[in-house]
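This report goes through a chain by its overall makeup, salt bridges, cores, strands and surface. The sequence and structure come next.

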Amino acid sequence: MIRLRVLLLRLAAAILPAVFMSGLCTGSAFAHATLIAAEPADGAIVAIAPRTVTLRFSEPARPLVARLIHPGGRTEILKEIGEKGSVIVLTLPSGLENGTHVLSWRVASSDGHPIGGGLVFSVGAPSAVAPATIEQSDLSVRIGLWSARFLLLVGLIVGVGGVAFNALIGRSNPAPGARIVTSALVAGLIAAPLLVGFQGLDALGAPFSDVATADVWEAGLWATSYGRSTLLAATAICIAYAAGQAGYRSRLGLSLAAAATLLVGVAVASAGHASTAPPRYLTVPAVFLHAITVVLWIGALIPLGAVLVRGGAALPIILQQFSRIIPAIVAVLAASGLLLAIVQVQTVPALWDTDYGRVLLAKLALVVALLLLAALNRFYLTAPAVAGDASATRRLRRSVGAEIVLATAIIAVLGLWRFTPLPRAIAANPGLFEVQEVRARKESVSAALSIHPPIVGPVRVEVGNLLLNGKPFEPISVSVDLDKPSYGIGPFTREARRAGDGIYHADGFVLPLDGFWIVRVTVLVSDFRSVTLMEVFDVRKVSR
């Protein structure tokens with residue numbers, strides 16, 4: 001065990017500086033790239049068809065795919081895309097026809113997450129009928145992405161962690177929990193290519209039916225930092241499997257187990273929310289240490305449970321050794337986790353006001369329960385079990401079983417963070433999440449249309465600044481329609497009521513899906529004339 005500790009320290013000394021320097025050499029970034037400005041602007045009406053669309057983001061972004069929907073509904077993928085730092089220039093096809101065009105784009109932000117959005121512009125005048133829109137997310141892709149990530153995490157935490165336990169403490173033949181540990185490694189290795197495929201679908205905003213296309217796999221591997229992270233994770237799993245085959249008592253087995261454990265930390269620190277959070281010279285090493293301590297603690301549970309079931313002369317020695325080293329592991333885990341939580345959440349109300357915060361609270365509740373069980377085991381059950389108390393050993397075995405269940409739930413919850421925006425991103429760009437406003441015009445009538453909030457769930461549409469021939473006026477009535485023709489949802493119709501501030505409010509909408517929603521506002525100008533204004537809202541799966 002002393003030799004392995006020395007080996008771990010030497011490998012850490014070689015790897016940690018590289019991890020640390022990656023935090024210094026890469027500039028600070030938001031949680032996600034967010035669109036700051038576009039030219040032409042969303043909702044613009046231009047006399048002459050533009051040659052390009054320029055998108056300016058809050059941080060450097062890498063273009064993934066851009067689609068243009070023509071007024072007749074024909075969809076075209078834009079091929080000529082230029083990028084320079086935070087600015088992306090999309091070259092439009094020549095000879096754009098008059099009417100309303102919908103541009104849908106996907107980019108990868110610094111943390112590797114794909115971000116989607118869109119804008120609408122009209123050439124000459126808006127179309128009388130809205131073009132069909134593109135769905136921004138596919139439920140089957142989201143489920144597949146979460147499932148593949150869960151299995152990969154099982155391979156890293158249960159598989160590599162089990163190998164680390166057997167190399168550090170177990171070191172017996174046969175290794176405790178060897179079948180389950182090996183099964184976890186195999187499951188993680190199978191999940192890795194699946195995750196690459198789902199990451200490609202997610203990056204391009206493509207449906208599951210496109211999974212066999214080369215573009216999807218190329219995007220999954222190289223378009224975002226998650227491709228590199230997945231390759232590193234798969235390598236760690238392979239090295240861990242080789243460690244088991246080499247034997248935990250051999251120098252080669254010890255070296256491979258140590259290398260696999262540290263490589264897990266590198267893989268996790270190379271992509272994701274926390275690894276790109278400023279200040280990176282703190283957050284990148286914190287992610288590295290957090291990942292390694294999770295592997296060493298949770299990964300030890302399966303072999304430890306197997307030892308308790310098997311019993312034998314080695315049981316007291318293994319329990320004593322594990323009881324000695326686990327406090328230091330948990331201390332590093334807690335310290336690094338606290339630092340990352342403070343950086344990501346920033347304010348206490350964000351814990352219950354945002355999806356990210358609620359996922360964090362769920363994880364913390366499970367971790368606290370796990371810590372309580374671990375404390376019970378260490379301070380009340382381990383000593384009697386070491387002394388040979390059969391009753392204490394049975395209770396300890398049941399308690400470790402409960403820890404395994406809680407640990408599995410924690411791994412499942414970890415995958416949910418992929419679908420939640422960070423509180424620090426919302427705090428840095430509050431306008432993007434609190435309200436979305438567009439200007440609609442048809443004939444001599446114009447109005448400002450806004451959706452509150454622009455997220456899945458209950459929303460309110462407001463119609464303000466109503467102008468007729470450039471002058472304010474009071475219509476006879478205003479009604480609002482929301483529909484999503486690409487999914488055959490809607491239209492949902494609500495009458496808008498005039499509030500005290502002169503703005504018309506249409507309440508009672510509940511939007512079940514994110515992506516583009518068409519809004520139509522019918523303004524009854526007189527008993528003989530009505531005008532329908534049309535625009536598009538980009539609804540996101542975001543919590544306020």
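Which residue forms a salt bridge with D202? R106 does, with the closest N and O atoms 3.7 Å apart.

## Basis of the model

This is a predicted model, in which local features need pLDDT of at least 70 and side-chain atom pairs count only at pLDDT 80 or more, while totals for chains, interfaces and linings use all residues. Residues are numbered from 1 along each chain as its sequence is written, and side-chain values use heavy atoms, with hydrogens and water left out.

## Overall makeup

The chain has 14 helices and 18 strands; these are DSSP runs numbered from the N terminus, helices being H or I with at least four residues and strands E with at least two. Of its 544 residues, 54% count as buried. Buried means under 20% relative accessible area, exposed over 50%, and partly exposed in between (1.4 Å probe, protein chains only).

A contact is defined by heavy atoms within 4.5 Å. Among contacts with a separation of 6 or more, 69% come from residues 24 or more positions apart.

## Salt bridges

A salt bridge requires a side-chain nitrogen of Lys or Arg within 4 Å of a carboxyl oxygen of Asp or Glu. By this rule the count is 5. In one of them, R106 pairs with D202; R106 lies in strand β8 (residues 99-108) and D202 in helix α3, so the pair ties together parts that are 96 residues apart in sequence. R106 is buried at 8% relative accessible area, and D202 is buried at 15%.

R460 and E462 meet at 2.6 Å, N to O. R460 is partly exposed at 25% relative accessibility, whereas E462 is buried at 10%. Another salt bridge joins R497 and D507 at 3.2 Å, N to O.

A nonpolar core is a set of buried Ala, Val, Leu, Ile, Met, Phe, Trp, Tyr and Cys residues joined through side-chain atoms within 4.5 Å. The largest has 49 residues, of which L152, L156, V160, V163, L185 and L204 touch the most other members. Elements that each supply at least two residues of this core include β4 (62-69), α2 (139-170) and α3 (178-204). A second, separate core has 47 residues, including F165, L304, L373 and L396.

L304 is also one of the buried residues in α8. In this helix (residues 301-310), 7 of the 10 residues are buried, so α8 is largely enclosed by the rest of the structure. Its buried residues are covered by elements including α2, α3, α7, α9 and α12 (390-414). Just after α8, G311 takes a positive phi of about 70°.

## Strand pairing

Two strands pair if DSSP finds at least two bridges between them. Strand β7 (residues 87-91) runs antiparallel to β3 (residues 52-57), with 5 bridges, and antiparallel to β6 (residues 81-84), with 4 bridges. V89 stands opposite T54 and is also the bridge partner of G82. The hairpin of β6 and β7 has 2 residues between the strands, and G85 there takes a positive phi near 65°.

## Surface

The chain exposes about 23,000 Å², with carbon and sulfur atoms supplying 64% of it; accessible areas come from the Shrake-Rupley method with a 1.4 Å probe, and for residues only the protein chains shown count as cover.

V348 is found in the loop between α9 (314-345) and α10 (350-353) and counts as exposed at 54% relative accessibility.
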